[in-house]
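Keep the sequence and the 3D view side by side.

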Amino acid sequence: MIQTVRGVRDILPEETGRWWFLEETARRIFIQYGYRELRTPIFERTELFSRAVGETSDIVEKEMYVFQDRGGDSLCLRPEGTASVVRTFIENSQHRCLPWRVFYMGPMFRYERPQKGRFRQFHQIGCELFGPDGPLADAEMMSMVLRFFREIGIGDAVTLEINSLGCPVCRGPYRERLTAYLESVREVLCANCQRRMVRNPLRVLDCKEEGGSGVLQGAPAMRDHLCHGCEAHFQGLLGHLERLGLPYRINPFMVRGLDYYHRTAFEAVASGLGAQNAVAAGGRYDGLVAEMGGVSTPAVGFAMGMERLLLLLDENKVPVTRPDVYLVVAGEDLVTASGLMLAERLREAGLAVEMHLSGGGMKVQMKHAGRSEARIAVILGEQEVSAGMAAIKQMRTGEQEKIAMDQVVERIRLLLCQHH
RNA sequence: GCGGACGUAGCUCAGUGGUAGAGUCCUGGAUUGUGAUUCCGGUUGUCGUGGGUUCGAGCCCCAUCGUUCGCCCCA
């Protein structure tokens, strides 16, 4: 038997309702904030990601799905969404249409070891905002994210963490101070951190090892070494969050894996997801557009992991999709023919109708009606059809009545209204 | 890339070297025109795969593939 490749999975019809719920809620909320959907290709030139995400990041170094096409170009399945959005922004001269607000949703690909909440093909919903450079934009975006979480019913399960990563002006000097400090406590750090010190000292702050964390409390924090501009930006952000009454936690140890972030970084973390506790993450990347060859434009964005959100979703809050009517047709050709026409009339009236197509007796068909979870079964047998009637059964109560064929639509509408 | 656990019916799992099982699901009947409850019957299988040990392997050993949890990293 041929199976799916490692780390990818089918999303069966039983699950897609939950996906729709997330996607539809996201669209509704984002549109309220002025965002419109952008759809970019699922693969790009490899160079786009190595430049945007950073040559030394783990994503580029060991996680990209790279391949050559028949022309010999090196292409890559997108490992994240922002790089493509920035490319589109530049390629289509959207700096003439500021502010530019877009959202996207779809699959991303990373060659990683799969585990809980982590897949090789996973799905993100994200937003990017180009133009505004002040903390107002950051605050509005966080507010939108939290509204989305409340709307899908996981508001209480998620905490907003924020930090400032500084900018090119202040990050360099800070990096040196941090490195100096880490050197001084080198022996206490775990083996991994000793390695990371050289490549990316900021990452050491992220260390989860028990032994190191005590020492890290004493490490110089980026926050205390922000330049004037960055400090004002951060204070401005805190002020907006306070005014909005949004709960947040400053996490001086939060750093971002992707190289392009400046100033604001934020993350929504949830408990109960094991090591993969970040359900959304984002931040400001004021330098990226210029770096990628566009007209220098500040920007801020975030992405959410759908699989992780789904792990948090409360089943009861997801609207179920089921037919309004299951149509039972027990009889000869005349019966099924009039059933076919009745089904279309009901659909014309806007109802969701599942008609029994596979023959069988009343018992079998009723069983299917029950399984379909339809609220109403319409039963057509020889008796009904010859009398110009239809039997209407409310599945929940078992109540059944006979109605003239031309009044069936009206009657069903009434019954469906009553039970809402 | 590294470490641990686990692969037995569609699903959840029991089975410590001697005839492959339970629950559920599906299906037939009790009920010749009525589902979800009840009762009775039935089908469910290369025991992940390949090798080895043994008179004999679902069980022990080796390899491999897959799943899962963690590390690294990330949504």
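What follows covers a pocket, a helix residue and a surface patch.

The model is predicted. Begin with the second largest pocket. It holds about 340 Å³ of space. Its lining counts 15 residues. Closest to the pocket's centre are Pro-13, Glu-14, Gly-17, Val-320 and Thr-321.

Which helix gives the largest share of the lining of this pocket? Helix α1, spanning residues 13-32, does, with six residues.

Is Arg-18 buried or exposed? Its relative accessible area is 18%. The cut-off for buried is under 20%, so Arg-18 counts as buried. Now set Arg-18 against Phe-266. In sequence, 248 residues separate the two. In space, their C-alpha atoms are 26 Å apart.

Turn next to the surface. Ile-42, Phe-43 and Phe-67 make a nonpolar patch there, of about 250 Å². Take Ile-42 from this trio. Where does Ile-42 lie? Find Ile-42 in the loop that runs between β1 (36-37) and β2 (43-45). Its relative accessibility is 32%. Patch residues need over 30% relative accessible area, so Ile-42 passes that cut-off at 32%. Exposed would require over 50%, so Ile-42 counts as partly exposed.

Methods. Residues numbered from 1 in each chain as written. Chains lettered and ligands numbered in written order. Predicted model: local features only at pLDDT ≥ 70, side-chain atom pairs only at ≥ 80, totals over all residues. Heavy atoms only, no water. 1 Å grid on protein atoms, 1.4 Å probe; cavity = no way out; pocket = protein on both sides within 12 Å on 5 of 7 lines; lining within 4 Å. Points joined across faces, edges and corners; volume = space filled by probe spheres on them. Helix = DSSP H or I, 4+ residues; strand = E, 2+ residues; numbered from the N terminus. Patch = residues over 30% accessible without salt bridge, like charges linked within 9 Å, V, L, I, M, F, W, Y side chains within 5 Å. Areas by Shrake-Rupley, 256 points an atom, 1.4 Å probe, with all protein chains shown as cover. Salt bridge = Lys/Arg side-chain N within 4 Å of Asp/Glu carboxyl O. Buried < 20%, exposed > 50% of the residue type's maximum accessible area, 1.4 Å probe, protein only.
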